[in-house]
Amino acid sequence: MVSFLKSAGIPSHNIFIEEKSTNSLENVICAKEVFDFIKIQSLMVVCKSHATGRQIRTLKKHLPNQIEYIPFTFNTVYKGTEVNRDNWMETEIGRKRVWGEYLRINHYGIKGDILPLDVCLID
């Protein structure tokens, strides 16, 4: 990703790298150690299309309230089957992935790591 950003003309001093995390929650917490989000007004969220809800709930729980989140999603292939926002319900693997995300949102919401399901994400 860093190589892509540099080749696109982004100066190195504008690229902040977090390399300690092993999951989404750790990524947000560790990112706060290398970057100050206080003045940020909007943030593009690059993530799997079927995991966007959990990613944005994690960010909203741990970053300043003024940030607007702009999802930039990508499709994912599991065992040769593409899962995306338009076809996830058509395959067993897609349904399992989306169901798994729902269970994770529920679990992490109850645990307090992300915004729980009863909190609306739309302002």
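**View 1. Helix 2 and helix 3 cross in a right-handed sense.** Here right-handed means that the near helix is turned clockwise from the far one by less than a right angle. The model is predicted: local features need pLDDT of at least 70 and side-chain atom pairs pLDDT 80 or more, while totals for chains, interfaces and linings use all residues. Residues are numbered from 1 along each chain as its sequence is written, and side-chain values use heavy atoms, without hydrogens or water. Helices are DSSP runs of H or I, at least four residues; strands are E runs of at least two, and both are numbered from the N terminus.

**View 2. Residues of helix 2 meet residues of helix 3.** Ser24, Leu25, Val28 and Lys32 contact Arg54, Gln55, Thr58, Leu59 and His62 (heavy atoms within 4.5 Å).

**View 3. Asn75 sits in the loop between strand 2 (68–74) and strand 3 (76–78).** Asn75 is partly exposed, at 41% relative accessibility (buried is under 20%, exposed over 50%, partly exposed in between; 1.4 Å probe, protein chains only). Beyond neighbours within four places in sequence, Asn75 contacts Ser49, Glu82, Val83 and Asn84.

**View 4. Cys30 is in no disulfide.** A disulfide requires two cysteine sulfur atoms within 2.5 Å. The nearest cysteine sulfur, that of Cys47, is 18 Å away. Cys30 is buried at 11% relative accessibility; Cys47 is buried at 6%.
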